[in-house]
Amino acid sequence: MEFKDFFSTLKNRISNGYDVPEFFRALFAMITDVPEENWGTKLDPVTQKIKDDSLRSYAKRGIPKKFAQQIVYSLSPENYIESLNSRPVEARKLLADDFSSYDAEVTEDNVAEKTAKWFVEIIQTAAGMAPKSELEQQKQYQIAGEMKSKYGTYLLNEVNHFCPFPGCGRSLTKTNAGKAMDSYEISLIDRSKASDLSNLLALCPQCYATYCLDDSPKTCKALLGVKKILESHNHSLALLDDLPLEKGIVGVISRIKKLKETELAEASLDPKELKQKLKPADNFALYSQVSLFVMTYFVRIREIMINLDKRGEIDYEEVQDQMHAIYKRLKKAKKTNMEIFNEIVDKIHRVTLQENTYCQIVVAYFVQSCEVFDAVTE
Ligand SMILES: [Zn+2]
């Protein structure tokens, strides 16, 4: 279907008297969250909106490729369907009649789903994605189904049950009438390569369907990058799985949380020797973060650790050994300093379920006290 026919038919029935530019904006707001200023087309310098005349021209001639590419991976047909189904049934009935020449089975009950599908296809085609034949589609879904039964659980865990497509992040678990069910597909990343685990990714159905049509090497490269990060993280998880961490660390964190600004201000530390463990030039963000936490918290955390150790609530030496063992294993696996820091934070978070920031403060403590990162003297 041509966009101009799709647009004018909908405008005719559901625009509530909006003019073309107003309805254009309203229609796209139904299918995407991407704001107008990010549609990749020229903005009016005064209003910071797309000129009304440009929108009128898109309504007549179809949407520009760049615009379609900007939104194609951020489509929410479910929002569009919900919005259309909230319109009066008379309007949907008329719409169904209008569209019956395209699909004889359109009714007021399914006109939202059917037109959502067309709308998505129009945007995909405008983005330069060629629609696949029924046969090709069937083949892809068949592969996806096979991969799902083989690797589904593993790949879902790998992405932690959220769609890893850049900018998406939809949950891959849906709840419906009190039941939880998985909602995802398994996609080949590089379609020219074999379907082994390192070339497969769990995606939400929407990103999956769009990526199936997307032959751009740029998207493939982006997904390979995503996969690499996920693999590295999961590798670290497996590495640290059997390493224990004292649960007494929860007590340490809950005391850190209670520290008052004045208590902290009275006991700050200048972490001069930190530069021997973390070079600012290597990763300044990490260095400055750790440095700030050490300066603010180190002295008080040491007091907390020693106190808890005296009362038998934590075995301080044991915790130091455990931290060092965790560090050494990650270091041996050639993880970067940033990865090492984040993986230890993650491990503490898993053990304690405490907020990430406090876990970071604890790891920063162990950096300064030399269990994490080796001092390099030059
Ligand atoms: Zn997605």
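Predicted model: local features only at pLDDT ≥ 70, side-chain atom pairs only at ≥ 80, totals over all residues.
1. Asn 16 sits in the loop that joins helix H1 (3–14) to helix H2 (20–31). Its relative accessibility is 69%, so Asn 16 counts as exposed. Asn 16 also has a positive phi of about 50 degrees, although it is not a glycine. Most residues other than glycine have a negative phi.

2. A second residue to check for its backbone is Lys 334. Although not a glycine, Lys 334 has a positive phi of about 60 degrees. The loop that holds Lys 334 runs between helix H14 (316–332) and helix H15 (337–352). Lys 334 counts as exposed because its relative accessibility is 73%.

3. The chain is divided into three parts: domain 1 (3–126), domain 2 (134–240) and domain 3 (249–368). How far apart do the C-alpha centres of domain 1 and domain 3 lie? The separation between these two centres is 51 Å.

4. In soluble globular proteins, nonpolar side chains tend to be buried together.

5. Leaving aside neighbours within four places in sequence, Ile 63 is in contact with Phe 3, Phe 24, Phe 28, Tyr 58, Ala 68, Ile 123 and Ala 126.

6. The metal site can be described residue by residue. Which protein atoms are the donors of the zinc ion? They are the SG atoms of Cys 163, Cys 168, Cys 204 and Cys 207, lying 2.3 Å from the ion. In sequence, the donor residues follow the spacing C-x4-C-x35-C-x2-C. Cys 163 lies in the loop between helix H8 (134–158) and strand E1 (173–176), while Cys 204 lies in the loop between strand E4 (200–203) and helix H9 (205–213), so this pair ties together parts that are 41 residues apart in sequence. Both Cys 163 and Cys 204 are buried.

7. Why is the arrangement of the four donor atoms tetrahedral? The angles they subtend around the zinc ion are 103 to 113 degrees, and four donors count as tetrahedral if all angles lie between 85 and 135 degrees. Ideal angles for four tetrahedral donors are 109.5 degrees.

8. Glu 158 is placed in helix H8. Is Glu 158 buried or exposed? It is buried, because its relative accessible area is 5% and buried means under 20%. Not counting residues up to four places away in sequence, Glu 158 touches Leu 200, Leu 201, Lys 227, Leu 230, Glu 231 and Asn 234.

9. The structure holds 20 salt bridges. One is between Arg 329 and Asp 242, whose closest N and O atoms are 2.7 Å apart. This pair links distant parts of the chain, with Arg 329 in helix H14 and Asp 242 in the loop between H10 and H11, 87 residues apart. Arg 329 is partly exposed, at a relative accessible area of 30%, whereas Asp 242 is exposed, at 54%.

10. Another salt bridge joins the side chains of Lys 257 and Glu 355, at 3.0 Å from N to O. Lys 257 lies in helix H11 and Glu 355 in the loop between H15 and helix H16 (356–368), so the pair ties together parts that are 98 residues apart in sequence. Lys 257 is partly exposed, with 33% relative accessibility, and Glu 355 is partly exposed, with a relative accessible area of 42%.

11. Arg 350 forms a salt bridge with Asp 346, and their closest N and O atoms are 2.8 Å apart. Both residues lie in helix H15, four residues apart, which is about one turn of the helix. Arg 350 is partly exposed at 39% relative accessibility, and Asp 346 is partly exposed at 21%. Elsewhere, Arg 25, Glu 36, Lys 49 and Asp 52 are linked in a network of salt bridges.

Note on methods:
Residues numbered from 1 in each chain as written. Heavy atoms only, no water. Helix = DSSP H or I, 4+ residues; strand = E, 2+ residues; numbered from the N terminus. Buried < 20%, exposed > 50% of the residue type's maximum accessible area, 1.4 Å probe, protein only. Donors = N, O, S within 2.8 Å, 3.2 Å for Na, K, Ca; no water. Tetrahedral: all angles 85-135°; square planar, octahedral: opposite > 155°, others 65-115°. Contact = heavy atoms within 4.5 Å. Domains from an automatic or database assignment. Salt bridge = Lys/Arg side-chain N within 4 Å of Asp/Glu carboxyl O.
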